[in-house]
Amino acid sequence: MTKVLTFSGIVQGIGFRPTALRIANALGVKGQVKNLGGNVELIITGDNKALDEFVRRLAVLFDIKNYESKEIKDIKFDEFKIVHSDFDKNTPFLTPDLATCRECEKELKDENNRRYRHPFISCINCGPRYTIMNTLPYDRENITMSPFEMCDKCEDEYNTADDRRCHAQTIACKECGPELSMRIDDAVKHLNNGEVIAIKDIGGYHLACRTDKPAAVNKIRELKGREAKPFAVMFSSIESIEEYCKINEKERELLLSPARPIVLLEKIKDFDYSICGDSDYIGAFLPCNPVQIMLLDEASPLVMTSANISGEPIIIDDNDIKKFGVPVLSHNRKILTPLDDSVLAVNNGKAQFIRRARGYVPLAIDIGKKAKCDTLLMGGDLKSVFGFHRDNYVFLSQYFGDLEDSAVFDCYKDNIRRFSALHGFGIDKVVCDKHPAYYSANIYNADIKVQHHKAHIASVIAEHKLEGEVLGFAFDGTGYGDDGAIWGSEVFLFNGKGFERKAHLDYTKMLGSDEISKNADLALACYLGGNTLIDKAIENNINVVNSSSMGRLFDAVASLLDIKHYNSYEGECAIALESCAKKAVSAFKLTPSLNPKEILEQIKKAKNEASAESIALGFHLMLSELILNIANEYKIKQIALSGGVFNNRLLMENTTRLLEQNGYKVYTNELVPCGDGCLALGQAYIASLEE
């Protein structure tokens, strides 16, 4: 019997073809396998039982979205072999970059192995994928390994079915692979001498220094223009992380996953104040490539942060990195796609993205809603992420940052073109945010404009494939409302077809400048008055907007309690308010209200009776109670929570607990950030409703 099998799913850059070869040899199946760009095609011949077992084993081992099988006239094959690829332009499910696997790390440290201390060791199970892919199908000639001709030993491994590097497209060794610009030992000397160095990694350059060298840490702050935001720290092992942080099983799983993300962990021991500042957490992560592994073996832990001026894209160009004027550990393998490190936290027992990038992009998300045509989703301007919707799948880009920065905007536009070309997507329809002044909304003539907070809630509905009515709470700092006001505390009823706004914080007239999102004292003055200039501006409607922002209310509370008065980075005041609340022995009882002035007046009065910690905790618990009260009013059992405010662990945990105790099922973003990184996913869902 002879069959033609076509598999779709994550079948590129993941060792599908060599695995098929090994299974075929084990079962005595003859035939061939080849990449088709988006799919893999196999022609197999043998007895029916062997063919069924062949398919079963492949389906178990790989993330197969679907496969087609058809019987054809018998073809005689002498063996099973891998043949040259074609490009069929079907929907491709590309593989993200994968951290160095245990087998390769063992070889890296084995003095008797020919790849001992080889900085580019990899196999079919690990190594760069998406960042070095020029075009499909995923073959050597189509990635940035193409200039490096395999030596005889590597070629033998490449063609040996039972070898772990059979058809591993990144295969190389010291004789034939890329080369470093500096010896690892010399880089370690720079670090141990208290210097900052730049390191070219998988998705771009990092700036690194030892954690016990405060002067070097402060130099990185100076180089990046990063005043106070905590730095991530790379550790050599889980055991070394445990010296500084609490780690639960879910956090351990994330740290050790092939994505190797930064995970925000609760401190039990701190570094110098220059690294994490007042934060309760350490952004900890483990090495994801051989260069990092070797460096961390000799100098651990290290501050490891993206090499860029704060707000600009991560640097991938070998010339651009020179502007920092620090020693550079580079290599001669080109990076095609810039990717920052992904950042996650475990919130209420679930993984929660802060930033979705290396290790996860460009994995597709099945939303259960089919696009009639290739649809470009522009996302938003802050924490910008674009996407494409084809069939039931949404393919999201990496995080870019704020499009107000011209370099970020250029990078965003360049990557739309690259992402589209690499995946073979057309731009048949465009969906954007409703904000008329968003940069992302003005690149193309959009076919559909989606309100910001509706997209937040739709993203939760999409990733959980929710059916029926949903009550959604979208809490964040800012988003353009249907009425032209600045929204940010929105409650929507979704009936399966559309969204109806049911509640929000009462509008407050606020200054229309960007400074309002930074200066918490200004926000407080807009709520309570007392500042003559601001009072007059509000009275005369000079450069003011109506706002229902929950983010600004958090800022105002932090200011009123004298906890933090200015956001030197986004969310700093809210983070400080949460940190203060967690120190409370008990909570001061506040009455739930949708009137922000009334809430702040309660807090102002409470300052005479209770500590800042107690009031801060009371504020968090009051918001959870407010959400429950609104849920009880509408009695819809499916609750969706989204928006950057829900990065707050205290708020998320208490709200979820309270709702679940009262019989509600709570859904949150798990596959995308709850901040603006989820907007493109929500836009896809809403656009599909209109088709």
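In this predicted model, one aromatic cluster is formed by Tyr130, Phe386, Phe388, Phe395, Phe400, Tyr412, Phe419 and Phe425. Across the protein chain the count of aromatic pairs comes to 22. Two of these pairs, Phe353 with Tyr360 and Phe473 with Phe475, are set out below.

| Aromatic pair | Centre to centre | Angle between planes | Geometry |
|---|---|---|---|
| Phe353 and Tyr360 | 4.8 Å | 90° | edge-to-face |
| Phe473 and Phe475 | 6.3 Å | 90° | edge-to-face |

For Phe473 and Phe475, the planes stand at 90°, so the pair counts as edge-to-face, given that angles over 60 degrees fall in that class. Phe353 and Tyr360 are both buried, and Phe473 and Phe475 are both buried as well.

Turning to the fold as a whole, the protein chain contains 20 helices and 25 strands. Its radius of gyration is 27 Å, close to the 26 Å that the globule rule gives for 691 residues, and the chain is therefore as compact as a globular protein of that length. The C-alpha trace spans about 85 × 60 × 45 Å along its principal axes.

Of the 691 residues, 60% count as buried, while the accessible surface of the protein chain comes to about 26,900 Å², with 46% of that area belonging to carbon and sulfur atoms. Where contacts between residues at least 6 apart in sequence are considered, 71% join residues at least 24 apart. As for charge, the protein chain carries 83 positive and 98 negative charges, whose mean positions are 2 Å apart.

Key:
Residues numbered from 1 in each chain as written. Predicted model: local features only at pLDDT ≥ 70, side-chain atom pairs only at ≥ 80, totals over all residues. Heavy atoms only, no water. Helix = DSSP H or I, 4+ residues; strand = E, 2+ residues; numbered from the N terminus. Rg over C-alpha atoms; globule rule 2.2 N^0.38 Å. Buried < 20%, exposed > 50% of the residue type's maximum accessible area, 1.4 Å probe, protein only. Contact = heavy atoms within 4.5 Å. Areas by Shrake-Rupley, 256 points an atom, 1.4 Å probe, with all protein chains shown as cover. Lys, Arg positive; Asp, Glu negative; His and termini not counted. Charge placed at Lys NZ, Arg CZ, Asp CG, Glu CD. Phe/Tyr/Trp six-rings, centres within 6.5 Å; stacked < 30°, edge-to-face > 60°.
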